[in-house]
Amino acid sequence: MLHRAITTRCDRGLVPPRFNHRRPFSVSIRSSSDGRIQTRNSSKHDDNQELARVPLADTLLTEELAQDIKKDLSNITSIQEAEQKLTSRLRGVHLTMDNFNWLFSNLYQPEAENPEAFYNLIAVFNLAKKAKVPLDESAYWFAMHAYNSIDEPPETEKLFKEMQTNGILPESPTYFALIDSYAQQDRVSDMLNSFEEAKAKGITPDRAIFNTILYTLARIGQSEEMMRRFQEMKSTIGCDDFTYYFVIDGLKDQGQQEEALAIWNDLKNEERPDLPGMVKNGVPLECLVLEVMSQLDRKEDMKDLFRSMISQDIEPDEEAYKAMEKVFDKNTEKKDYDRLISEMRQKGYK
């Protein structure tokens with residue numbers, strides 16, 4: 001089991017696709033002959049067009065109102081509640097693409113862990129659709145990413161299909177959101193097929209989506225396919241600390257400790273100073289390698305690696321300390337042993 005999977009930078013162990021923010025809308029809103037705002041396809045009145053038709057003379061989305069909206073949405077508990085509060089606040093507002101752009105940009109929280117941040121994005125997306133504001137790929141990405149983040153990946157697939165039906169060509173952000181949704185559901189065949197489809201369309205995968213695929217394959221025990229994708233990543237865009245963590249952990253969990261250690265040794269031979277100890281917000285890669293070495297009873301290698309970690313100020317975790325307690329001999333390696341025990345006591349591990 002991937003029990004050391006990093007959760008502080010990749011929710012549920014999945015690394016969401018990076019997204020370079022662009023303006024979500026590319027259409028202007030014009031006024032009709034009766035002085036009301038009209039958007040494309042808003043000639044017929046229905047209940048969903050209340051937001052699409054407001055007097056031109058009424059207020060714009062001022063900074064004060066915008067801040068009130070953020071305050072209103074700070075403690076919501078559902079998408080429906082967010083929509084209701086947005087609808088109430090936006091009555092009488094001159095709805096322009098800049099206003100929706102502001103809402104998306106300011107309600108988007110890349111590092112958010114609370115679901116309310118994602119409810120808000122979905123609510124903005126839904127209201128923009130009701131207002132008949134033409135949406136582009138960026139807007140769909142916000143909603144797809146939000147649905148993935150609240151563990152509703154089937155909705156992401158629906159939006160991807162809807163986007164294509166509406167004539168919007170998927171690019172890397174939405175393709176990668178779709179792949180992430182399949183990964184969450186362990187739909188490996190769909191995940192890999194979408195990955196290949198994106199590449200066939202000239203979309204270059206980034207490290208985030210490669211890592212999502214590697215993590216998923218590692219978690220479900222498909223080590224052969226994982227290694228194939230690892231080699232592909234290594235030969236194209238290169239790997240990062242998450243890549244090696246997922247691959248080594250996946251091999252270890254499949255009883256392939258020798259292969260896992262070989263990956264580590266290859267990494268050391270590459271002499272990449274950007275990688276060792278780089279998982280700062282989770283568990284350092286070296287701690288995982290110590291566990292692999294322990295399973296192989298490579299005590300001398302463990303000692304060398306642990307001393308190297310200390311010399312580089314790489315923080316061992318509790319499991320690493322406890323493993324080393326069994327390795328250092330308290331009589332013949334008294335200095336190392338005493339330092340280890342002292343540090344464990346200071347950290348509350350003993």
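The model is predicted, and local features are described at a pLDDT of at least 70, side-chain atom pairs at pLDDT 80 or more, while totals for chains, interfaces and linings use all residues. Residues are numbered from 1 along each chain as its sequence is written, and side-chain values use heavy atoms, with hydrogens and water left out.

## The chain as a whole

The secondary structure comes to 16 helices and 2 strands. Helices here are DSSP runs of H or I with at least four residues, strands are runs of E with at least two, and both are numbered from the N terminus. Of the 350 residues in the chain, 52% are buried. A residue is called buried under 20% relative accessible area, exposed over 50%, and partly exposed in between, with a 1.4 Å probe and protein chains only. Contact means heavy atoms within 4.5 Å. Among contacts between residues at least 6 apart in sequence, 66% join residues at least 24 apart.

## Helix α7 and its surroundings

Helix α7 covers residues 172–184, which is 13 residues. From its first C-alpha to its last it reaches 18 Å, close to the 18 Å expected at 1.5 Å a residue; the expected span is 1.5 Å times one less than the number of residues. Because 12 of its 13 residues are buried, α7 is largely enclosed by the rest of the structure. Among these buried residues are Y175, F176, L178, I179 and Y182. The buried residues of α7 pack against α5 (137–149), α6 (153–165), α8 (188–200) and α9 (207–219). Just after α7, D186 takes a positive phi of about 60 degrees.

Helix α6 also holds E157. This residue has a relative accessible area of 14% and is therefore buried. Apart from neighbours within four places in sequence, E157 is in contact with L178, Y182 and R187.

Two packed helices are described by the angle between their axes and the distance between the axes. The axes are lines fitted to C-alpha atoms, for helices over the stretch in contact, and the angles run from 0 to 180 degrees between N-to-C directions.

| Helix pair | Angle between axes | Distance between axes |
|---|---|---|
| α5 and α6 | about 165 degrees | 7 Å |
| α1 and α2 | about 160 degrees | 10 Å |
| α14 and α15 | roughly 135 degrees | within 11 Å |

Angles under 35 degrees count as roughly parallel, over 145 as roughly antiparallel, 65 to 115 as roughly perpendicular, and the rest as oblique. A crossing is left-handed if the near helix is turned anticlockwise from the far one by less than a right angle, and right-handed if clockwise. In the counts of residue classes below, Ala, Val, Leu, Ile, Met, Phe, Trp, Tyr, Cys and Pro are nonpolar, Asp, Glu, Lys and Arg are charged, and the others, Gly among them, are polar.

Helices α5 and α6 pack at an angle of about 165 degrees, and α5 is therefore roughly antiparallel to α6. Their crossing is left-handed. On the α5 side the contact includes Y140, M144 and Y147, and on the α6 side it includes L159, F160 and M163. The residues of this contact divide into 8 nonpolar, 2 polar and 3 charged.

Helix α1 (residues 63–72) and helix α2 (residues 79–90) pack at about 160 degrees, which makes α1 roughly antiparallel to α2. The crossing of α1 and α2 is right-handed. L65, D68, I69 and D72 of α1 meet K85, L86, R89 and L90 of α2. By class, this contact has 4 nonpolar, no polar and 4 charged residues.

The axes of α14 and α15 cross at roughly 135 degrees, so these helices are oblique to each other. Their crossing is left-handed. M302, K303 and F306 of α14 form the contact with Y321, A323 and M324 of α15. This contact has 5 nonpolar, no polar and 1 charged residues.

## Two loop residues on either side of α14

D297 lies in the loop between α13 (285–295) and α14 (299–311), and D313 lies in the loop between α14 and α15 (318–325). Although it is not a glycine, D297 has a positive phi of about 60 degrees. D313, likewise not a glycine, has a positive phi of about 60 degrees. With a relative accessibility of 54%, D297 counts as exposed; D313 is exposed with a relative accessible area of 69%.
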